[in-house]
Amino acid sequence: MNLADNLPPVENMGLIKQLAHNDKPVRDKAMNALSNFLRAKCSDDYDEDEELMLDCLKLWIGLFYGMWMSDKRPVQLELAQAMAELVHLFPEHRLFLAWTKAFFQTIQREWYRIDKYRLDKYYSLVRKNLHEMFVYLDNTHWERELVQDFLSTLEEEAITQRKSTGLRYHMAQIYLEEFAKSSGKSVAPEAFQSVMGPFYNRIANSTDEVYLRRIQEGIFDRMTNCEIFFK
């Protein structure tokens, strides 16, 4: 299995290979190194968005296979949480948006490789990342332009993409719950309506009856019953 599959050659694959190592201590050390690396990044390091995206994609392929190599449920959940919390290392929105886009592109591209024995840990990885992305937005007080840019990425790379049906269905199942859990005691109606926008669009425009039923059950039925908000 080639960790750099579908990606251009990179100058130094050492960190990426360590992130995907089958030995937990090696992965843990690599995660610490990655945190320091990301913490030191700034937008000025990249003249072009394509260069920034390529760096993020390279790192996420290592992280994806790091999750692949992780065994036992507690270890998998700990690793998924650590990966999700990386978004909080980006003080600049440009870096946050590139990182989230690279995450969903990696997940949709690699989803077909995931067998039934590994599926649960990737469900957890998606759930925890989505949650921390919403927390990031909440910490910015739902800054309008940032929210719109994030939702555009989410809609294109996760909600309407056609490469991974499983990812689309999972997003419909967890979306409202993770938004509700991340936004504290209350959220402004404008922010709520914006965050629901991608699924309003699906209800209005999609002809996929199975997907629409998943959206109905996962989001709109729960919204109508107020289940998630009372919980």
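## The cavity

About 70 Å³ of space lies in the largest cavity, a cavity being a set of points, on a 1 Å grid over the protein atoms alone, where a 1.4 Å probe fits but cannot get out. The volume is the space filled by probe spheres set on the points, which are joined across faces, edges and corners. A search of the whole structure turns up one cavity of 30 Å³ or more.

Before going on, note that this is a predicted model, where local features need pLDDT of at least 70 and side-chain atom pairs count only at pLDDT 80 or more, while totals for chains, interfaces and linings use all residues. Residues are numbered from 1 along each chain as its sequence is written, and side-chain values use heavy atoms, with hydrogens and water left out.

## What lines it

Around the largest cavity sit Phe37, Leu38, Lys41, Tyr46, Leu52, Asp55, Cys56, Leu59, Phe90, Leu95 and Trp99; each lining residue has an atom within 4 Å of a point. Two or more of the lining residues come from each of α2 (24-39), α3 (49-69) and α5 (93-110), with helices taken as DSSP runs (H or I, at least four residues) numbered from the N terminus. The largest share, four residues, belongs to α3.

Sorted by class, the lining has nine nonpolar, no polar and two charged residues. Here Ala, Val, Leu, Ile, Met, Phe, Trp, Tyr, Cys and Pro count as nonpolar, Asp, Glu, Lys and Arg as charged, and the others, Gly among them, as polar.

## α5 against α7

Helix α5 also packs with α7 (residues 144-159), at an angle of about 10° and with the axes 9 Å apart. Axes are lines fitted to C-alpha atoms over the stretch in contact, and angles run from 0 to 180 degrees between N-to-C directions. So α5 and α7 are roughly parallel, the word used for angles under 35 degrees. Their crossing is right-handed, meaning that the near helix is turned clockwise from the far one by less than a right angle.

On the α5 side, the residues meeting α7 include Phe96, Leu97 and Phe104, and their partners in α7 include Phe150 and Leu154; contact means heavy atoms within 4.5 Å. By class, this contact has seven nonpolar, five polar and three charged residues.

## α7 against α9

Next, α7 packs with α9 (residues 189-205) at about 25°, with axes 10 Å apart. These two are therefore roughly parallel as well, and α7 passes α9 in a right-handed crossing. Among the residues that meet are Val147 and Leu151 in α7, and Val195 and Phe199 in α9. The contact divides into six nonpolar, three polar and four charged residues.

## α4 against α6

Elsewhere in the list of helix pairs, the axes of α4 (residues 73-84) and α6 (residues 119-139) come within 8 Å and cross at roughly 30°. That makes α4 roughly parallel to α6, and their crossing is right-handed. The contact includes Arg73, Leu77 and Met83 of α4, and Asp120, Leu125 and Glu132 of α6. Its residues divide into five nonpolar, four polar and five charged.

Definitions and conventions:
On a 1 Å grid over the protein atoms alone, a cavity is a set of points where a 1.4 Å probe fits but cannot get out, and a pocket is an open set with protein on both sides within 12 Å along at least five of seven lines; lining residues have an atom within 4 Å of a point. Angles under 35 degrees count as roughly parallel, over 145 as roughly antiparallel, 65 to 115 as roughly perpendicular and the rest as oblique.
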